[in-house]
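Here are my notes on this one, jotted down as numbered points. Have the model open while you read.

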Amino acid sequence: MVCAPSPARFSRAGRLVAQGHDLPGCNVSERVSRERQRIAFGVLDRLAQHPGLVRVYPTQALCPQERCVVMMGGKLLCFDSHHLDIPGSETLVPMLARALRQGA
């Protein structure tokens, strides 16, 4: 199993939440996030030719309606611009479990 990068986000979201700011403006479109990480996605797309390799794309869980969100259910999902916090990681558990079963 190979996991693609988590969506690129606004890097100061955690600090802004701590200061009481509203975060909808920190969300970024899935297209912009993917463009920021085009090299990594290009490598993963080339790996598709390997039999038995399961690719996981966190954007499927973290970018509902083509917007990569920094909060979900009132919880901050990211630690910084490229790393998930615990709630963000927990959001991926069902997807990762399916991928592990598929690869087994």
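1. Let's start with the aromatics, where the count comes to one pair. The rings of Phe41 and Tyr57 have centres 5.9 Å apart and planes at 10°, so this pair is stacked. Phe41 sits in helix H3 (residues 38-46) and Tyr57 in the loop between strand E3 (55-56) and helix H4 (59-62), so the contact ties together parts 16 residues apart in sequence. For the rule itself: rings of Phe, Tyr and Trp (its six-membered ring) pair if their centres lie within 6.5 Å, and planes under 30 degrees apart are stacked, over 60 edge-to-face, the rest tilted.

2. The cut-offs here are under 20% relative accessible area for buried, over 50% for exposed, and partly exposed in between, using a 1.4 Å probe and protein chains only.

3. A word on what you are looking at: this is a predicted model, where local features need pLDDT of at least 70 and side-chain atom pairs count only at pLDDT 80 or more, while totals for chains, interfaces and linings use all residues. Residues are numbered from 1 along each chain as its sequence is written, and side-chain values use heavy atoms, with hydrogens and water left out.

4. The overall layout has six helices and six strands, both taken as DSSP runs numbered from the N terminus (helices H or I, at least four residues; strands E, at least two). Along the sequence the pattern reads β-α-β-α-α-β-α-β-β-β-α-α. Buried residues make up 34% of the 104 residues. Of the contacts (heavy atoms within 4.5 Å) with a separation of 6 or more, 67% are between residues 24 or more positions apart.

5. On to the cysteines: how many disulfides does a search of the whole structure find? It finds one, counting a disulfide as a pair of cysteine sulfur atoms within 2.5 Å. The partners are Cys63 and Cys68, with their sulfur atoms 2.1 Å apart. The torsion about their S-S bond is about 95°, so the disulfide is right-handed. Both Cys63 and Cys68 are buried. Cys78 is buried too, with a relative accessibility of 1%.

6. Next, the charged pairs. Side chains of opposite charge can pair when their charged atoms come close. There are two salt bridges by the rule used here, which asks for a side-chain nitrogen of Lys or Arg within 4 Å of a carboxyl oxygen of Asp or Glu. One joins Arg38 to Glu35, with the closest N and O atoms 3.0 Å apart; Glu35 is partly exposed at 43% relative accessible area.

7. The other salt bridge is between Arg55 and Asp45, at 3.4 Å from N to O. This pair links distant parts of the chain, with Arg55 in strand E3 and Asp45 in helix H3, 10 residues apart. Arg55 is partly exposed, with a relative accessible area of 32%, and so is Asp45, at 36%.

8. Last, have a look at Met71, in strand E5 (residues 71-72). Met71 is partly exposed, with 29% relative accessible area.
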